[in-house]
Amino acid sequence: MGNFSAIGQNSDQGQSPAKPVEAAQVSTKGLQWINDKNSGNCAACHAMPGVAGVQSTFAPPLHEAGQKWTPAELTQWVTDARQMNPNTLMPSFGSAKEWQKANSSIPILTTEQIKSVVDTLTTWRAPSSISNRPPTKPINPSNKPLQHLSGTAFLSPELLELQNDLSSNPIGLWTEQGRALWNKRTSGSSCAQCHGNVAKMRGAALGFPRWSASKQKLVNLEDQILTCAERTGAALKGLEDPDVLSLSALLHSVSQGMEINMTTDATTQSLWQNQLRAGEKLFNTRIGRMNLACSHCHDQKIGLQMRAEVISPGHPTGFPIFKMSWQAMGSVDRRLRACFSGVQAELPEPGSAVLRQLELYMKMRANGMLVEGPLLRR
Ligand code: HEC
Ligand code: HEC
Ligand code: HEC
């Protein structure tokens, strides 16, 4: 309810907003919060004047906001959009009311910042040519409905070309490294000594996460690799250890083209179902200071633009991913944590139950799709 922020001392008092020169100053100030990724970040969802590069299409363009709404209405939109539309996907920038798992309970913008944002919005009065209607076709042609497409259909032509170019694509190095590790003898046994040629592991990457009776929790492929690394006598250092990711890349690559078909056996059925239901619930629950659920983006906004990102259905078919912005391979665990961070939610610990439950639900949601990983991402 209250505004707890310590910022907000830099008020406009003493200035007369009626004078055009000062109005221009005020509007520049608002633009700062509108663009800043760590503050208003309005440009992540809205197209608007004065933004260079790709325009976002998640939400209606704001070019005409000053024409369409009064300053009081604009203040309401920005402060708490739920007052304008109870089901809104617009974060409430001036109220922390009913936030869950937010990484901070402080409203995103101070009253003062909201005022300068609204001053800027009121100056926007020209029609926009940008539409926020969902596209009917993915970037890369396919006949399937958008919600059944993997991330590959949403890659830019440049990235798709790099992905298909085996000589310059960085992924080959990772699977090669995985192959070397698979056969490598340490003081103990190699993976190959217990499991044989890696080609025999076709299908082994499927079915994870699965219920582990000994650990009494869901384990995913990277967890299994960590457990097995201990058996080789050369323990690895956590889920994002490059050796774990190389082995994961290798094991996924030998299962490419196989259909995801998540099931469990009768003895673990009810425990597994509980985990699945927990994952489904999480997927549909609003979290973080953005107050958005996974489903809001990955079911409702597929194909729309958030700055340079195109939202895909989020199917976990391409993991592990080599993400250009990370300049590294990363696990599904890391990607999920990035989305928690994106909505400014508390970050779950790597390997936590929440992440395994989400992974299980997302794999179930991708049943019938083909394993494609490891793949490139933006
Ligand atoms: C996470 C995405 C998101 C962010 C970030 C966001 N908005 Fe929105 N906004 C929306 C959506 C979606 C709507 C459409 C209305 C609805 O869903 O209720 C909307 C609606 C609006 C409207 C009404 C537009 C109209 O034409 O009816 C205004 C004004 C607005 N937003 C301003 C802002 C400002 C200013 C910021 C930054 C401080 C911002 N928004 C940040 C998603 C967002
Ligand atoms: C000492 C023998 C041994 C070694 C060495 C070993 N594993 Fe395993 N692995 C097992 C056993 C036993 C299982 C069955 C599940 C369990 O008990 O964890 C298994 C299961 C697996 C599975 C799941 C297979 C499936 O079809 O469900 C994968 C994947 C795997 N290991 C990968 C590896 C990798 C990668 C290495 C090398 C880092 C490795 N293992 C080294 C014994 C071994
Ligand atoms: C505000 C919108 C938004 C929300 C909410 C969101 N994500 Fe994402 N997510 C993205 C964007 C943008 C990307 C990058 C483009 C893509 O792959 O879809 C992404 C990527 C992903 C990917 C990678 C897909 C791939 O093929 O590389 C997964 C998996 C994912 N998100 C899961 C989740 C989960 C689980 C949640 C909820 C905890 C969530 N996301 C919440 C926007 C969102």
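Student: How do the residues of the shell around ligand 3 divide into nonpolar, polar and charged?

Tutor: Twelve are nonpolar, seven polar and three charged. Ala, Val, Leu, Ile, Met, Phe, Trp, Tyr, Cys and Pro count as nonpolar, Asp, Glu, Lys and Arg as charged, and the others, Gly among them, as polar. This is a predicted model: local features need pLDDT of at least 70, side-chain atom pairs count only at pLDDT 80 or more, and totals for chains, interfaces and linings use all residues. Residues are numbered from 1 along each chain as its sequence is written, while chains are lettered from A and ligands numbered from 1 in the order in which they are written.

Student: Which residues are the closest to ligand 3?

Tutor: Gly-151, Cys-294, Cys-297, Ser-312 and Cys-339, out of 22 that surround ligand 3. A residue is near a molecule or strand if its C-beta atom, placed from the backbone, lies within 6 Å of it. Helix H11 (294-298) and helix H12 (332-342) each give two or more residues to this shell. H12 has the largest share, five residues. Helices (H or I, at least four residues) and strands (E, at least two) are DSSP runs, numbered from the N terminus.

Student: Now ligand 2. Which residues come nearest?

Tutor: Cys-191, Cys-194, Ala-204, Cys-228 and Arg-231, from 15 residues around ligand 2. The shell divides into eight nonpolar, six polar and one charged.

Student: Which helix gives the most to that shell?

Tutor: H8, with six residues. Helix H7 (191-195), helix H8 (221-231) and helix H9 (242-253) each supply at least two.

Student: New topic. How do H10 and H13 cross?

Tutor: The axes of helix H10 (residues 269-283) and helix H13 (residues 353-365) come within 7 Å and cross at roughly 90°. Axes are lines fitted to C-alpha atoms, for helices over the stretch in contact, and angles run from 0 to 180 degrees between N-to-C directions. H10 and H13 are therefore roughly perpendicular to each other, a label for angles of 65 to 115 degrees.

Student: What kinds of residues make up the contact of H10 with H13?

Tutor: Nine nonpolar, three polar and one charged.

Student: And the open sheet: in what order do its three strands come?

Tutor: E6-E5-E7, with mixed pairing. Two strands pair if DSSP finds at least two bridges between them. Strand E6 (328-330) and strand E7 (375-377) are the edge strands, each pairing on one side only.

Student: In what sense do E5 and E6 pair?

Tutor: Antiparallel, over three bridges; strand E5 covers residues 321-323. Phe-322 stands opposite Met-329 in E6.

Note on methods. Parallel < 35°, antiparallel > 145°, perpendicular 65-115°, else oblique.
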